[in-house]
Amino acid sequence: MSLRAARENAGLSGEEAAKILGMHKQTLYKYENDSSDIPLRVLKELSKLYQMPVDNIFLGKRYDLIRTIKRKREEEAI
């Protein structure tokens with residue numbers, strides 16, 4: 001699951017999550033679009049806030065996740 005989906009699943013807006021984490025909302029949005037360089041400390045904080053194991057959070061660029069989902073759907077259709 002992407003960081004954005006995890007946040008939305010937790011019922012939090014970007015502003016609310018950023019405030020709880022003590023970061024600027026633009027920083028949070030940056031991580032949501034490309035989590036490939038997210039610091040481990042921040043990832044653990046997000047995992048705790050969203051009540052989701054780190055292993056269930058997709059790490060990478062948002063467009064990579066979209067490509068992966070499309071590819072899996074195409075493979076399932078075959």
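The legends below describe close-up views of a predicted model.

Local features are given only at pLDDT of at least 70 and side-chain atom pairs only at pLDDT 80 or more, while totals for chains, interfaces and linings use all residues. Residues are numbered from 1 along each chain as its sequence is written, and side-chain values use heavy atoms, with hydrogens and water left out.

View 1. Ser2 belongs to the segment before α1 (3-9); helices are DSSP runs of H or I with at least four residues, numbered from the N terminus. Ser2 is buried because its relative accessibility is 19%, the cut-off being under 20% relative accessible area (1.4 Å probe, protein chains only). A polar atom of the Ser2 side chain lies 3.0 Å from the backbone nitrogen of Ala5.

**View 2. The largest nonpolar core.** A nonpolar core is a set of buried Ala, Val, Leu, Ile, Met, Phe, Trp, Tyr and Cys residues joined through side-chain atoms within 4.5 Å. The largest one has 16 residues, of which Leu3, Met23, Leu28, Ile38, Leu46 and Tyr50 touch the most other members. At least two residues of this core come from each of α1, α2 (14-21), α3 (25-33) and α4 (40-50). The most, four residues, come from α4.

**View 3. Surroundings of Leu28.** Apart from neighbours within four places in sequence, Leu28 contacts Arg7, Gly14, Ala17, Ala18, Leu21, Met23, Leu46 and Tyr50. Contact means heavy atoms within 4.5 Å.

**View 4. Ala77 in α5.** Ala77 is in helix α5 (residues 62-77). Ala77 is exposed because its relative accessibility is 68%, the cut-off being over 50%. Its C-alpha atom is separated by 33 Å from that of Gly11, 66 residues apart along the chain.

Terms used: A polar contact is a pair of N or O atoms within 3.5 Å; within protein, one must be able to donate a hydrogen and the other to accept it, and residues adjacent in sequence count only if both atoms are side-chain atoms.
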